[in-house]
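Please have the sequence and the coordinates open as I speak.

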Amino acid sequence: MPIELLRPEVSSKIAAGEVIEHPASAVKELVENALDAGARRIRIELRGGGIDYIRVTDDGGGIPPEQVELAFQRFATSKLTDAEDLESVSTLGFRGEALPSIAAISRVEMRTRTPDSDAGFRIEIKDGETLESGPVGAPVGTSIIVRRLFDNFPARRKFLRAPNSEQTRLQTLISLYALAYPEIVFELSAERGRPFASPGSGSLRDAAAAVYGRQIAESMIRVSTGSDSPDTRSNESDEEPSLHGLITPPTVNRANRRNINLFVNGRLIQNQSLVYAVVQSYHGFMAERRYPVAALNIRMPLREVDVNAHPAKTEVRFRHENRAFGIVQRAVRAALIEHSPVPEVGHRSISPTPSTSASSGSGTRSTAAFWPTTPFSSNTRGQQQATQSAGRFDSLIEPSQTPPEARASTDTNTTPRQALPILRVLGQVQNTYVIAEGPDGVFMIDQHAAHERVMFERVMAPSADGAPEAQNLLDTALVELDDAHMELALARMEVISGMGFVLEQFGDNAIMLRAIPALLTDSDPARALVDVLDMMQDGGEFESWEERAAYSIACHGAIRAGKVMSMDEMRELVRQLERCAQPNTCPHGRPTMIHMSAGRLEREFGRS
Ligand code: ADP
Ligand code: MG
């Protein structure tokens, strides 16, 4: 093909495709325009997950009639003039690309009015061409309707998710903005699902209550450094860096990092390094592979942040990356230390969801104090804890009461489908690995991975009567869920029930839990459900929802790394692993054990 300049309808789509990936990215741009226009109230309405219809209405400054058409041209912006301005961008928008991009791939209708014009102005655009424009009655502010996103762009439309998931993505996005801008009212409604509204009171805790539920919001710890101006958008260029936000105490945690949300000067950003700074601050406070919920707004002098790093503006570069890292880490750590009570027996723990202490039925959680109450949690709260752990482990042991040694020898003869040799447990290393001897050398077993495998196979195995093994709760537990979890729980109700959870919807944002999988009997029921939903969300490499759910249950219930195990517990774990169909890997495919053969040992010691 000869080289030719692309026709504008092609190049505009290429450009649009960079900025607008899915309905949530269109809404993000529209909400940011409203914020830049000084709105105090922003309403978002959706149909078909935003693919069919989006309307964003704000009460900001509007656009003067004579500039409306211009606003839809590429690189038309009121927010920058010189290249120099790029060094200190104080608005969320600055590229002048959002409106033209959206208009190139949908049908757009905008109504807008500035405070000093008598009438509003309306414009209708399809595939980038103006169909109609003229004066119209309208309140001050802007309302923009986007219909049939990507209708003329099948290459991109193909990659959209089902409307339900696009809607979930949008709900998550709006809840994040509500956290970043507690002084602004955000309302989101769709043809189905619970409408969301943040109060706009200016208090981050109130916004967090709207997003996470009152219980979690009230448990959260305040992080605050530097100047104490709470306004998200106050970011004078000579200001000292500062950080304001809320984090959960270590007892309230999740199985993934998704709930660590960071904003820089009011901009929602993705930055693995800063997320890591938060995670690392919890080191020693929280169990491994558990993550807090956090909403942190970092204010940096504008000149220290390059916001022009990504077309969707979701990444920023810091002039001093280490400085940003240090600010986050120090502030979070300091807040945790200040909050940390001296662990003592009898201190009441904070539970992540309501009604759980009543339903736990075991009164043991009260000693947990500052520590998470994961099964087999690795704290050193003395004898009581150790005996309880042994008890919990027993619940996984099959009814046979034969002493492990005796059973080991009978197993040799009676278990034909044995993929592992019989192992003799020698001890534990780093509270994480079980060391055992086999007929040919030494085995080092990762206790968490091994137990995950054991539990995974037990959850996946069909039970004799086809019904999942479930444990009824003495008291039902009411579990408050956020939108994404609620959505998932309802959509996958069958799968979740198939695993032994007995649950029913209770209002718009809560689940009534009546039973949990038998394997999780010793977990806090509410926490188990939230965890399982968290892990199901992540999905990883599992193809079916059943496997995802089974893995989530296995991972939640499995013994943690860092847990001291008694010889009996270790022997039982090894016995159970020996009975697995695929004992050598965890459900994710990571090894459960490393083998050092007798031959290898001889070679290493120069004996052969
Ligand atoms: P950018 O936000 O990068 O400037 P956009 O394409 O998103 O580019 O918007 C173009 C211009 O249209 C903005 O600079 C702003 O002047 C105006 N504009 C867009 N949306 C609104 C709104 N909701 N209220 C007031 N002005 C708006
Ligand atoms: Mg914009």
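Let me begin with a question: is Val564 buried, partly exposed or exposed? At 48% relative accessibility, Val564 counts as partly exposed, where buried means under 20% relative accessible area, exposed means over 50%, and partly exposed lies in between, with a 1.4 Å probe and protein chains only.

Before I go on, a word on conventions: this is a predicted model, in which local features need pLDDT of at least 70 and side-chain atom pairs count only at pLDDT 80 or more, while totals for chains, interfaces and linings use all residues. Residues are numbered from 1 along each chain as its sequence is written, chains are lettered from A and ligands numbered from 1 in the order in which they are written, and side-chain values use heavy atoms, with hydrogens and water left out.

Back to Val564, then, which sits in the loop between α18 (545-557) and α19 (567-578); helices here are DSSP runs of H or I with at least four residues, strands are runs of E with at least two, and both are numbered from the N terminus. Not counting residues up to four places away in sequence, Val564 touches Gln428, Asn431 and Glu569, a contact being heavy atoms within 4.5 Å. Between Val564 and Gln430 there are 8.6 Å in space, C-alpha to C-alpha, although the two are 134 residues apart in sequence.

From there I turn to the strands β17 and β18. Strand β17 (residues 433-438) pairs with strand β18 (residues 441-446) in the antiparallel sense over six bridges, and two strands are said to pair if DSSP finds at least two bridges between them. A hairpin of two residues joins β17 to β18, and Tyr433 stands opposite Asp446 in β18.

Gly441 belongs to strand β18 and, at 11% relative accessibility, counts as buried. Leaving aside neighbours within four places in sequence, Gly441 is in contact with Ala436, His595, Met596, Ser597 and Ala598, and its C-alpha lies 7.5 Å from that of Leu601, which is 160 residues away in sequence.

Next, the sheet that includes β1. Eight strands form an open sheet in the order β5-β4-β3-β6-β2-β1-β7-β8, with mixed pairing, and its edge strands are β5 (129-136) and β8 (196-197), each of which pairs on one side only. Strand β6 (residues 141-147) is mostly covered, with six of its seven residues buried. On one hand, strand β2 (residues 53-58) pairs with β6 in the antiparallel sense over six bridges, with Val56 opposite Ile144; on the other, strand β3 (residues 107-113) pairs with β6, also antiparallel, over seven bridges, with Arg111 opposite Ser143.

Helix α17 (residues 525-538) has 14 residues and spans 20 Å from its first C-alpha to its last, close to the 20 Å expected at 1.5 Å a residue, the expected span being 1.5 Å times one less than the number of residues. Because 12 of the 14 residues of α17 are buried, this helix is largely enclosed by the rest of the structure. Helix α6 (residues 163-180) has 18 residues and reaches 26 Å, close to the 26 Å expected, and with 13 of those 18 residues buried, α6 is likewise largely enclosed.

To finish with the totals, the protein has 20 helices and 22 strands, and 52% of its 608 residues count as buried. Among contacts between residues at least 6 apart in sequence, 70% join residues at least 24 apart.
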